[in-house]
Amino acid sequence: FEPDAAAWMSLLGAYRIHGDVEQGACAAEHACELEPKNSGLFALLSNIHAAIGGGDDVAKVRKAMRDRGVKKEPGVSCIEVMEKVHTFVAGDTSHPQTEKIYAELRRLSRQMELVGCVCASKAVLHDVKDEKEHILSSHCERLAIAFGLVSTPSGTPLFITKNLRVCSDCHADTPSLFATS
């Protein structure tokens, strides 16, 4: 069995979760040999370094991306409501129902706090301490969830697709979002 890029990326993701920079770099090297233009592997490697405060290493990874012409693919979440697909990116304010969507996110955030759910902000690795909760609250998957909640009758199943991996905070918080809706 020869691992493909997806296998190495899975390992890289696991090493990111466990903060193992050395093994993560090894997995990234193997994945890069197989898919040198895969922006996801550079993002994961950069996140490993950022999580442990390795700012210089983050800069090196970003420089390697620029040198190779690799561009980070933006995260996009889609939800279909009344036979129309609605697409969201992080921080999106272009939707006609932006006000309702962000009002719903604020309401959900307050409800989550009341039941003891606290935004962990592990996924926001940039040095923006005061903005972490806002950045997380406007991730594209949360915007899609909020839109679905304000646009459909209560109890309607929401089917949301995403082009990239869901961040660990959004993954952990999604059940709480629905529990408080």
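**Close-up views of the predicted model**

**View 1. Contacts of phenylalanine 42.** Beyond its neighbours within four places in sequence, phenylalanine 42 is in contact (heavy atoms within 4.5 Å) with Cys32, Pro36, Val61, Ala64, Met65, Arg68 and Val70. This is a predicted model: local features need pLDDT of at least 70, side-chain atom pairs count only at pLDDT 80 or more, and totals for chains, interfaces and linings use all residues. Residues are numbered from 1 along each chain as its sequence is written, and side-chain values use heavy atoms, without hydrogens and water.

**View 2. The largest nonpolar core.** This core holds 16 residues. Met9, Leu12, Ala28, Ala31, Leu41 and Phe42 make the most contacts inside it. A nonpolar core joins buried Ala, Val, Leu, Ile, Met, Phe, Trp, Tyr and Cys residues through side-chain atoms within 4.5 Å; buried means under 20% relative accessible area, exposed over 50%, partly exposed in between (1.4 Å probe, protein chains only).

**View 3. Lysine 60 in helix α4.** Helices (H or I, at least four residues) and strands (E, at least two) are DSSP runs, numbered from the N terminus. Lysine 60 counts as exposed because its relative accessibility is 57%. Its C-alpha lies 8.7 Å from that of serine 46, 14 residues away in sequence.

**View 4. The three-stranded open sheet.** The strand order is β2-β1-β3, with antiparallel pairing; strands pair if DSSP finds at least two bridges between them. β2 (84-89) and β3 (160-162) are at the edges, each with a single partner strand, so one side of each has no neighbour in the sheet. β1 (residues 76-81) pairs with β2 over six bridges. Isoleucine 79 has histidine 86 in β2 as its bridge partner.
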